[in-house]
Amino acid sequence: MYAIVKTGGKQYKVSEGLVFETELLAAEVNSTVELEVVLAADGDKVLTGEAAKGAKVLATVVEHGRGKKINIFTYKAKKNIRKRQGHRQPYTKLKVSSIALG
């Protein structure tokens, strides 16, 4: 059994017990969140569209963190103008606890 869920502007294929990282969510650690289901499948039974809205995917928040640093360096040739920036994208790590078809 698996499901395609939508969170943080992206879609993820999840199954029970899977741990994955998504965009930062406003939820406490060890709390349970319900994810929006786009598609749910169990063997040869596949639910899509409005039928998939009845399916439920529950996930537990494992941790919040920040990703690997990305260095941004811009310059203008022959003008001695240099600018260095860094960015670390925040994320939420989720563990899928249950998938229930509607």
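Strands, as counted here, are DSSP runs of E covering at least two residues, numbered from the N terminus. In this predicted model, the protein chain reads along its sequence as β-β-β-β-β-β-β-β-β, with 9 strands and 0 helices. The radius of gyration of the protein chain is 19 Å, well over the 13 Å that the globule rule gives for 102 residues, so the chain is more spread out than a compact globule.

**Overall dimensions and surface**

- Along its principal axes, the C-alpha trace of the protein chain spans about 65 × 30 × 20 Å.
- The accessible surface of the protein chain comes to about 7,000 Å², and 49% of that surface belongs to carbon and sulfur atoms.
- Of the 102 residues in the protein chain, 25% count as buried.
- Among the contacts between residues at least 6 apart in sequence, 64% join residues that are at least 24 apart.

**Strand S1 and its two partners**

- S1 and S2 form a hairpin with 2 residues between them, and Gly8 in the turn has a positive phi of about 65 degrees.

**The S4-S5 hairpin**

- Strand S4 (residues 32-42) pairs with strand S5 (residues 45-48) in the antiparallel sense over 4 bridges, and Ala41 stands opposite Val46 in S5.
- S4 and S5 form a hairpin with 2 residues between them, where Gly43 in the turn has a positive phi of about 65 degrees.

- Thr22 lies in strand S3, which covers residues 19-23.
- With a relative accessible area of 3%, Thr22 is buried, because the cut-off for that class is under 20% relative accessible area.
- Leaving aside residues up to four places away in sequence, Thr22 touches Thr7, Tyr12, Tyr91, Thr92 and Leu94.

Notes. Residues numbered from 1 in each chain as written. Predicted model: local features only at pLDDT ≥ 70, side-chain atom pairs only at ≥ 80, totals over all residues. Heavy atoms only, no water. Buried < 20%, exposed > 50% of the residue type's maximum accessible area, 1.4 Å probe, protein only. Contact = heavy atoms within 4.5 Å. Pairing = 2+ DSSP bridges. Rg over C-alpha atoms; globule rule 2.2 N^0.38 Å. Areas by Shrake-Rupley, 256 points an atom, 1.4 Å probe, with all protein chains shown as cover.
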